[in-house]
Amino acid sequence: MLPSAPNKKPGKPAKYADTGIKEVLQVMMKEYDITCSNLKAKIFGGAKMKSGAAYDIGQKNADKVREILKYKGIQILNEKVGGEHGYKIEFDISTGIVNCRVFGQKEEQY
Amino acid sequence: MEINRFIEMVVKQSIDRASQVLSKTLRAGAKIELESISAVDISQATERMMAEGDKEVMGCMLDLGGDIRCKFLFVISSKDALIFTDLMLRNKLGTTEKLGQVSESAIQEVGNILSGCISNSFSKDFDISVMPSVPIVFTDFLGGIFSNFIFEGSEQEDSIWLVQAKFLVVKVQIECEMFLIPHTQSFFHLQNPI
(Lines give C-alpha, C1' and ligand atoms only; values in the text may rest on other atoms or scores of the structure.)
Protein backbone atom coordinates (compact mmCIF):
# COMPACT_ATOMS: atom_id res chain seq x y z
CA MET A 1 0.00 0.00 0.00
CA LEU A 2 3.04 2.24 0.17
CA PRO A 3 5.82 2.37 -2.38
CA SER A 4 8.95 1.97 -0.25
CA ALA A 5 9.75 0.64 3.19
CA PRO A 6 11.35 3.20 5.50
CA ASN A 7 14.97 2.59 6.46
CA LYS A 8 14.57 3.26 10.16
CA LYS A 9 11.61 1.07 10.93
CA PRO A 10 11.04 -1.53 8.21
CA GLY A 11 7.72 -2.79 9.67
CA LYS A 12 5.85 -5.42 7.75
CA PRO A 13 7.31 -6.24 4.31
CA ALA A 14 3.89 -6.75 2.72
CA LYS A 15 2.93 -3.13 3.40
CA TYR A 16 5.41 -1.84 0.86
CA ALA A 17 5.81 -2.43 -2.86
CA ASP A 18 9.59 -2.86 -2.74
CA THR A 19 9.77 -5.30 0.16
CA GLY A 20 6.46 -6.98 -0.65
CA ILE A 21 7.35 -7.89 -4.23
CA LYS A 22 10.81 -8.98 -3.12
CA GLU A 23 9.29 -11.29 -0.53
CA VAL A 24 6.86 -12.84 -3.02
CA LEU A 25 9.67 -13.44 -5.51
CA GLN A 26 11.84 -15.03 -2.82
CA VAL A 27 9.06 -17.45 -1.91
CA MET A 28 8.46 -18.32 -5.56
CA MET A 29 12.13 -18.96 -6.13
CA LYS A 30 12.62 -20.96 -2.99
CA GLU A 31 9.43 -23.01 -3.03
CA TYR A 32 8.88 -23.43 -6.76
CA ASP A 33 12.33 -22.94 -8.23
CA ILE A 34 11.10 -20.13 -10.45
CA THR A 35 13.40 -17.39 -11.69
CA CYS A 36 12.43 -13.89 -12.74
CA SER A 37 13.03 -14.77 -16.37
CA ASN A 38 10.14 -17.27 -16.11
CA LEU A 39 7.72 -14.63 -14.87
CA LYS A 40 5.33 -12.22 -16.53
CA ALA A 41 3.21 -9.64 -14.73
CA LYS A 42 -0.10 -7.83 -14.98
CA ILE A 43 -0.68 -4.89 -12.67
CA PHE A 44 -3.92 -3.46 -11.35
CA GLY A 45 -4.99 -0.83 -8.85
CA GLY A 46 -3.12 2.27 -7.86
CA ALA A 47 -6.26 4.37 -7.56
CA LYS A 48 -6.27 7.81 -5.97
CA MET A 49 -9.10 7.07 -3.57
CA LYS A 50 -9.21 10.37 -1.81
CA SER A 51 -9.83 13.35 -4.05
CA GLY A 52 -7.98 16.39 -2.86
CA ALA A 53 -5.26 14.29 -1.24
CA ALA A 54 -1.93 16.03 -1.12
CA TYR A 55 -0.24 13.38 -3.19
CA ASP A 56 -1.34 10.48 -5.33
CA ILE A 57 -0.06 7.44 -3.47
CA GLY A 58 -1.78 5.12 -5.93
CA GLN A 59 0.27 6.55 -8.79
CA LYS A 60 3.45 6.33 -6.72
CA ASN A 61 2.71 2.69 -5.91
CA ALA A 62 2.11 1.88 -9.58
CA ASP A 63 5.32 3.66 -10.59
CA LYS A 64 7.31 1.81 -7.94
CA VAL A 65 5.88 -1.55 -9.03
CA ARG A 66 6.83 -0.87 -12.67
CA GLU A 67 10.31 0.16 -11.57
CA ILE A 68 10.81 -2.99 -9.51
CA LEU A 69 9.49 -5.30 -12.21
CA LYS A 70 11.69 -3.64 -14.82
CA TYR A 71 14.71 -4.00 -12.52
CA LYS A 72 13.93 -7.68 -12.03
CA GLY A 73 13.47 -8.21 -15.77
CA ILE A 74 9.82 -9.20 -15.43
CA GLN A 75 7.74 -8.23 -18.44
CA ILE A 76 4.45 -6.42 -17.82
CA LEU A 77 1.92 -7.97 -20.17
CA ASN A 78 -0.99 -5.75 -19.30
CA GLU A 79 -2.12 -3.21 -16.76
CA LYS A 80 -5.04 -1.16 -15.58
CA VAL A 81 -4.15 1.41 -12.97
CA GLY A 82 -5.33 4.76 -11.69
CA GLY A 83 -8.76 6.25 -11.34
CA GLU A 84 -10.56 7.09 -8.13
CA HIS A 85 -12.27 3.87 -7.15
CA GLY A 86 -11.42 0.41 -5.89
CA TYR A 87 -10.60 -2.57 -8.04
CA LYS A 88 -11.86 -6.11 -7.87
CA ILE A 89 -9.81 -8.65 -9.78
CA GLU A 90 -10.10 -12.36 -10.38
CA PHE A 91 -7.11 -14.19 -11.77
CA ASP A 92 -7.70 -17.47 -13.60
CA ILE A 93 -4.49 -19.39 -12.96
CA SER A 94 -5.18 -21.85 -15.76
CA THR A 95 -5.55 -19.25 -18.51
CA GLY A 96 -3.75 -16.24 -17.06
CA ILE A 97 -6.78 -14.09 -17.77
CA VAL A 98 -7.66 -11.43 -15.23
CA ASN A 99 -11.24 -10.22 -14.88
CA CYS A 100 -11.10 -6.70 -13.53
CA ARG A 101 -13.96 -4.56 -12.35
CA VAL A 102 -13.47 -1.01 -11.17
CA PHE A 103 -16.25 0.15 -8.85
CA GLY A 104 -19.05 1.65 -10.87
CA GLN A 105 -17.76 0.27 -14.19
CA LYS A 106 -18.23 -2.87 -16.23
CA GLU A 107 -15.98 -5.87 -15.86
CA GLU A 108 -13.17 -6.14 -18.40
CA GLN A 109 -10.74 -8.90 -19.25
CA TYR A 110 -6.99 -8.49 -19.37
CA MET B 1 -3.80 3.08 32.72
CA GLU B 2 -2.45 1.32 29.67
CA ILE B 3 -3.31 2.74 26.27
CA ASN B 4 -5.39 -0.22 25.09
CA ARG B 5 -7.67 -0.08 28.09
CA PHE B 6 -7.91 3.66 27.70
CA ILE B 7 -9.02 3.40 24.09
CA GLU B 8 -11.53 0.70 24.96
CA MET B 9 -13.07 2.89 27.66
CA VAL B 10 -13.27 5.88 25.34
CA VAL B 11 -14.94 3.86 22.58
CA LYS B 12 -17.52 2.37 24.95
CA GLN B 13 -18.42 5.74 26.40
CA SER B 14 -18.54 7.27 22.93
CA ILE B 15 -20.94 4.60 21.72
CA ASP B 16 -23.26 5.32 24.67
CA ARG B 17 -23.21 9.04 23.91
CA ALA B 18 -23.67 8.43 20.20
CA SER B 19 -26.78 6.35 20.88
CA GLN B 20 -28.38 9.30 22.65
CA VAL B 21 -27.41 11.77 19.95
CA LEU B 22 -28.63 9.47 17.20
CA SER B 23 -32.00 9.07 18.92
CA LYS B 24 -32.38 12.84 19.09
CA THR B 25 -31.31 13.26 15.47
CA LEU B 26 -33.70 10.66 14.15
CA ARG B 27 -36.42 11.53 16.65
CA ALA B 28 -36.90 7.82 17.07
CA GLY B 29 -35.67 5.19 19.46
CA ALA B 30 -32.13 4.40 18.39
CA LYS B 31 -29.42 2.42 20.00
CA ILE B 32 -25.90 1.62 19.00
CA GLU B 33 -24.90 -1.71 20.44
CA LEU B 34 -21.27 -2.49 20.78
CA GLU B 35 -20.75 -6.09 19.67
CA SER B 36 -17.02 -6.37 19.98
CA ILE B 37 -13.92 -4.27 20.33
CA SER B 38 -10.39 -5.53 19.95
CA ALA B 39 -6.93 -4.47 18.94
CA VAL B 40 -5.53 -6.58 16.12
CA ASP B 41 -2.52 -6.65 13.91
CA ILE B 42 -3.04 -4.81 10.63
CA SER B 43 -2.41 -8.02 8.67
CA GLN B 44 -5.28 -9.75 10.52
CA ALA B 45 -7.63 -6.83 10.00
CA THR B 46 -6.75 -6.62 6.31
CA GLU B 47 -7.23 -10.36 5.85
CA ARG B 48 -10.63 -10.16 7.49
CA MET B 49 -11.72 -7.18 5.44
CA MET B 50 -10.49 -8.62 2.16
CA ALA B 51 -12.68 -11.68 2.71
CA GLU B 52 -15.55 -9.29 1.98
CA GLY B 53 -13.41 -6.92 -0.05
CA ASP B 54 -15.83 -6.70 -2.97
CA LYS B 55 -18.82 -5.77 -0.81
CA GLU B 56 -20.21 -2.42 -1.89
CA VAL B 57 -20.28 0.01 1.01
CA MET B 58 -20.32 3.62 2.01
CA GLY B 59 -17.51 4.68 4.27
CA CYS B 60 -16.93 7.80 6.28
CA MET B 61 -13.33 8.59 7.16
CA LEU B 62 -11.85 11.35 9.24
CA ASP B 63 -8.94 12.32 11.45
CA LEU B 64 -9.06 13.07 15.13
CA GLY B 65 -6.34 15.54 16.03
CA GLY B 66 -5.17 17.62 18.95
CA ASP B 67 -3.52 16.28 22.09
CA ILE B 68 -3.74 12.80 20.61
CA ARG B 69 -4.24 11.60 17.06
CA CYS B 70 -6.41 8.85 15.65
CA LYS B 71 -7.76 7.83 12.31
CA PHE B 72 -11.43 6.84 12.23
CA LEU B 73 -13.48 4.93 9.68
CA PHE B 74 -17.13 4.02 9.73
CA VAL B 75 -18.54 1.69 7.05
CA ILE B 76 -22.07 0.60 6.22
CA SER B 77 -23.30 -1.63 3.40
CA SER B 78 -24.85 0.15 0.44
CA LYS B 79 -28.17 -1.52 1.18
CA ASP B 80 -28.18 -0.32 4.78
CA ALA B 81 -27.03 3.14 3.69
CA LEU B 82 -30.28 3.44 1.71
CA ILE B 83 -32.28 2.49 4.81
CA PHE B 84 -30.31 4.93 6.91
CA THR B 85 -30.93 7.73 4.41
CA ASP B 86 -34.67 7.16 4.68
CA LEU B 87 -34.47 7.17 8.47
CA MET B 88 -32.49 10.44 8.51
CA LEU B 89 -34.95 12.06 6.12
CA ARG B 90 -37.90 10.50 7.91
CA ASN B 91 -39.06 8.94 4.66
CA LYS B 92 -40.94 5.70 4.34
CA LEU B 93 -38.39 2.89 4.20
CA GLY B 94 -37.69 1.96 0.60
CA THR B 95 -38.09 5.51 -0.70
CA THR B 96 -34.40 6.00 -1.40
CA GLU B 97 -33.48 3.58 -4.16
CA LYS B 98 -30.11 4.83 -5.24
CA LEU B 99 -27.08 6.15 -3.40
CA GLY B 100 -26.25 9.73 -4.17
CA GLN B 101 -25.48 13.06 -2.56
CA VAL B 102 -28.32 12.77 -0.06
CA SER B 103 -27.05 9.40 1.16
CA GLU B 104 -23.55 10.78 1.35
CA SER B 105 -24.82 13.61 3.54
CA ALA B 106 -26.66 11.17 5.79
CA ILE B 107 -23.60 8.98 6.25
CA GLN B 108 -21.40 12.04 6.72
CA GLU B 109 -23.74 13.12 9.49
CA VAL B 110 -23.34 9.74 11.18
CA GLY B 111 -19.58 10.19 10.94
CA ASN B 112 -19.97 13.62 12.55
CA ILE B 113 -22.06 12.16 15.37
CA LEU B 114 -19.68 9.30 16.09
CA SER B 115 -16.51 11.35 15.86
CA GLY B 116 -18.07 14.16 17.89
CA CYS B 117 -18.93 11.68 20.64
CA ILE B 118 -15.42 10.24 20.62
CA SER B 119 -13.97 13.76 20.87
CA ASN B 120 -16.33 14.62 23.72
CA SER B 121 -15.37 11.46 25.57
CA PHE B 122 -11.72 12.40 25.37
CA SER B 123 -12.42 16.00 26.35
CA LYS B 124 -14.94 15.60 29.15
CA ASP B 125 -13.79 12.38 30.71
CA PHE B 126 -10.04 12.73 30.32
CA ASP B 127 -9.51 16.45 29.83
CA ILE B 128 -7.79 15.88 26.50
CA SER B 129 -8.40 18.19 23.56
CA VAL B 130 -9.38 16.28 20.41
CA MET B 131 -10.98 17.74 17.30
CA PRO B 132 -12.41 15.79 14.39
CA SER B 133 -11.70 16.80 10.81
CA VAL B 134 -14.45 17.14 8.23
CA PRO B 135 -15.56 13.61 7.33
CA ILE B 136 -14.98 12.36 3.81
CA VAL B 137 -17.51 9.91 2.44
CA PHE B 138 -16.65 7.17 -0.05
CA THR B 139 -18.87 4.84 -2.00
CA ASP B 140 -16.75 1.93 -3.13
CA PHE B 141 -15.68 -1.65 -2.53
CA LEU B 142 -14.99 -2.32 1.15
CA GLY B 143 -11.48 -3.50 0.25
CA GLY B 144 -10.65 -0.24 -1.50
CA ILE B 145 -11.93 1.98 1.29
CA PHE B 146 -10.24 -0.09 3.94
CA SER B 147 -6.92 -0.13 2.05
CA ASN B 148 -7.02 3.63 1.81
CA PHE B 149 -7.77 3.91 5.52
CA ILE B 150 -4.96 1.54 6.44
CA PHE B 151 -2.54 3.32 4.15
CA GLU B 152 -3.28 6.69 5.70
CA GLY B 153 -3.11 5.48 9.26
CA SER B 154 -0.55 2.73 9.29
CA GLU B 155 2.61 4.27 8.01
CA GLN B 156 3.81 4.38 11.62
CA GLU B 157 1.44 1.83 13.14
CA ASP B 158 1.02 -1.91 12.82
CA SER B 159 -2.12 -2.39 14.91
CA ILE B 160 -5.71 -1.29 14.50
CA TRP B 161 -8.80 -1.24 16.67
CA LEU B 162 -11.77 -3.12 15.22
CA VAL B 163 -15.10 -2.00 16.60
CA GLN B 164 -18.18 -3.89 15.48
CA ALA B 165 -21.47 -2.27 16.28
CA LYS B 166 -25.12 -2.56 15.41
CA PHE B 167 -27.42 0.36 14.91
CA LEU B 168 -30.92 -0.46 16.07
CA VAL B 169 -33.45 2.14 15.05
CA VAL B 170 -37.02 1.42 16.13
CA LYS B 171 -37.48 -1.99 14.49
CA VAL B 172 -34.77 -1.75 11.85
CA GLN B 173 -31.39 -3.33 12.37
CA ILE B 174 -28.47 -1.81 10.54
CA GLU B 175 -25.04 -3.33 10.82
CA CYS B 176 -21.97 -1.22 10.59
CA GLU B 177 -18.35 -1.33 11.53
CA MET B 178 -15.97 1.23 12.91
CA PHE B 179 -12.22 1.24 12.95
CA LEU B 180 -9.72 3.28 14.84
CA ILE B 181 -6.03 3.58 14.23
CA PRO B 182 -4.58 5.44 17.21
CA HIS B 183 -1.28 7.17 16.62
CA THR B 184 0.37 5.60 19.65
CA GLN B 185 3.28 8.06 19.80
CA SER B 186 0.78 10.86 20.43
CA PHE B 187 -0.63 8.90 23.35
CA PHE B 188 2.80 8.48 24.89
CA HIS B 189 3.26 12.24 24.87
CA LEU B 190 0.41 12.74 27.30
CA GLN B 191 1.66 13.47 30.80
CA ASN B 192 -0.63 11.89 33.35
CA PRO B 193 -4.24 12.18 32.20
CA ILE B 194 -4.56 8.45 31.64
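This is a predicted model: local features need pLDDT of at least 70, side-chain atom pairs count only at pLDDT 80 or more; totals for chains, interfaces and linings use all residues.
Reader: Before we start, which conventions apply to the numbering and to the model?

Author: Residues are numbered from 1 along each chain as its sequence is written, while chains are lettered from A and ligands numbered from 1 in the order in which they are written. Local features need pLDDT of at least 70 and side-chain atom pairs count only at pLDDT 80 or more, whereas totals for chains, interfaces and linings use all residues.

Reader: How many helices and strands does chain B have?

Author: Helices (H or I, at least four residues) and strands (E, at least two) are DSSP runs numbered from the N terminus. Chain B has six helices and seven strands, and from the N terminus its elements follow the order α-β-α-β-β-α-α-β-β-α-β-β-α.

Reader: What does the radius of gyration say about chain B?

Author: The radius is taken over C-alpha atoms, and the globule rule is 2.2 Å times the number of residues to the power 0.38. For 194 residues a compact globule would come near 16 Å, and chain B agrees, with 16 Å. Its C-alpha trace spans about 50 × 35 × 25 Å along the principal axes.

Reader: How should I read the packing of α3(B) and α4(B)?

Author: Two packed helices are described by the angle between their axes and the distance between the axes. Here α3 (residues 78-89) and α4 (residues 101-126) of chain B pack at about 80°, with axes 9 Å apart; α3(B) is therefore roughly perpendicular to α4(B), a label for angles of 65 to 115 degrees. Among the residues that meet are B:Phe84 and B:Met88 in α3(B) and B:Ala106 and B:Ile107 in α4(B), and by class this contact has seven nonpolar, two polar and one charged residues.

Reader: Is B:Gln185 buried or exposed?

Author: A residue is buried if 20 or more other C-beta atoms, placed from the backbone, lie within 10 Å of its own, exposed if 12 or fewer, and partly exposed in between. B:Gln185, in helix α6 (residues 184-188) of chain B, is exposed because 11 other C-beta atoms lie within 10 Å. Of the 194 residues of chain B, 42% count as buried.

Reader: Which elements of chain B touch chain A?

Author: Two residues are in contact if their C-beta atoms, placed from the backbone, lie within 7 Å. By that criterion, 16 residues of chain B are in contact with 14 residues of chain A. The elements of chain B giving two or more residues to this side are β5 (136-141) and α5 (142-153), with the largest share, seven residues, coming from α5(B).

Terms used. Axes are lines fitted to C-alpha atoms, for helices over the stretch in contact, and angles run from 0 to 180 degrees between N-to-C directions. Angles under 35 degrees count as roughly parallel, over 145 as roughly antiparallel, 65 to 115 as roughly perpendicular and the rest as oblique. Ala, Val, Leu, Ile, Met, Phe, Trp, Tyr, Cys and Pro count as nonpolar, Asp, Glu, Lys and Arg as charged, and the others, Gly among them, as polar.
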